[in-house]
Amino acid sequence: MALCKRVKLHREEGAGHMTPGASVTLNLNDGRVLKRRVVYFKGTPQSPADRDDVYEKFALLTRDCPRQETDEIFERLQNIERESDFEWLKV
């Protein structure tokens with residue numbers, strides 16, 4: 001929590017909603033400054049997420065649901081073109 005309180009978000013100069021990328025700057029206690037800019041990150045067309053990446057996010061978002069049920073839903077969604085109806089998606 002202490003680290004979260006020290007994080008500051010800034011809009012990059014010239015950035016718009018269609019401007020790709022993000023920058024991170026770390027100011028270390030010893031005076032060093034570490035910077036990194038990433039233009040294409042995981043999940044963009046230039047760096048698509050693979051099945052494991054998608055499952056990891058799906059599992060995180062459904063972590064409070066029964067794992068067996070969510071795994072079944074995940075598998076069905078991965079092959080959605082084979083589904084004849086979507087009644088199973090009803091809540």
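This is a predicted model: local features need pLDDT of at least 70, side-chain atom pairs count only at pLDDT 80 or more; totals for chains, interfaces and linings use all residues.

**Entry 1**

I started with R76, which counts as partly exposed because its relative accessibility is 27%. Next I asked which residue forms a salt bridge with R76. The partner is E83, and the closest N and O atoms are 2.7 Å apart.

**Entry 2: the other salt bridges**

How many salt bridges does a search of the whole structure find? It finds five, and I looked at some of them by eye.

I went to E75 and R51, whose closest N and O atoms are 2.5 Å apart in a salt bridge. I checked the cover on both ends. E75 is partly exposed at 38% relative accessibility, and R51 is partly exposed at 40%.

Then I turned to D30 and R32, whose side chains meet in a salt bridge at 2.8 Å, N to O. Is D30 buried or exposed? D30 is exposed, since its relative accessible area is 52% and the cut-off for exposed is over 50%. R32 comes out at 48%, so R32 counts as partly exposed.

**Entry 3: helix 2 against helix 3**

Helix 2 covers residues 51-61, and its axis comes within 11 Å of the axis of helix 3. The two axes cross at roughly 140 degrees, which makes helix 2 oblique to helix 3. I noted the angle with care, because over 145 degrees would have counted as roughly antiparallel. The hand of the crossing is right-handed.

**Entry 4: residues inside the helices**

I picked a residue from helix 2, namely A59. A59 is buried, as its relative accessible area is 17%. For a sense of span, I took the C-alpha distance from A59 to K5: 28 Å, with the two residues 54 apart along the chain.

From helix 3 I picked F74. Is F74 buried or exposed? F74 counts as buried, because its relative accessibility is 2%. I also took F74 against R32, and their C-alpha atoms are 44 Å apart in space for 42 residues in sequence.

R67 is found in helix 3 too, and the helix runs over residues 67-78. R67 counts as partly exposed, given a relative accessibility of 30%. From R67 to L77 I read 15 Å, C-alpha to C-alpha, across ten residues of sequence.

**Entry 5: the nonpolar patch**

Which residues form a nonpolar patch on the surface? They are L77, I80, F86 and L89, and together they have about 310 Å² of accessible area. I stopped at I80, which lies in the segment after helix 3. I80 has 34% relative accessibility, so I80 counts as partly exposed.

**Entry 6: what I am keeping**

Notes. Residues are numbered from 1 along each chain as its sequence is written. Side-chain values use heavy atoms; hydrogens and water are left out. Patches are made of residues with over 30% relative accessible area and no salt bridge: like charges are joined within 9 Å, nonpolar side chains (Val, Leu, Ile, Met, Phe, Trp, Tyr) within 5 Å. Accessible areas come from the Shrake-Rupley method with a 1.4 Å probe; for residues, only the protein chains shown count as cover. A salt bridge is a side-chain nitrogen of Lys or Arg within 4 Å of a carboxyl oxygen of Asp or Glu. Helices (H or I, at least four residues) and strands (E, at least two) are DSSP runs, numbered from the N terminus. Buried means under 20% relative accessible area, exposed over 50%, partly exposed in between (1.4 Å probe, protein chains only). Axes are lines fitted to C-alpha atoms, for helices over the stretch in contact, and angles run from 0 to 180 degrees between N-to-C directions. Angles under 35 degrees count as roughly parallel, over 145 as roughly antiparallel, 65 to 115 as roughly perpendicular and the rest as oblique. A crossing is left-handed if the near helix is turned anticlockwise from the far one by less than a right angle, and right-handed if clockwise.
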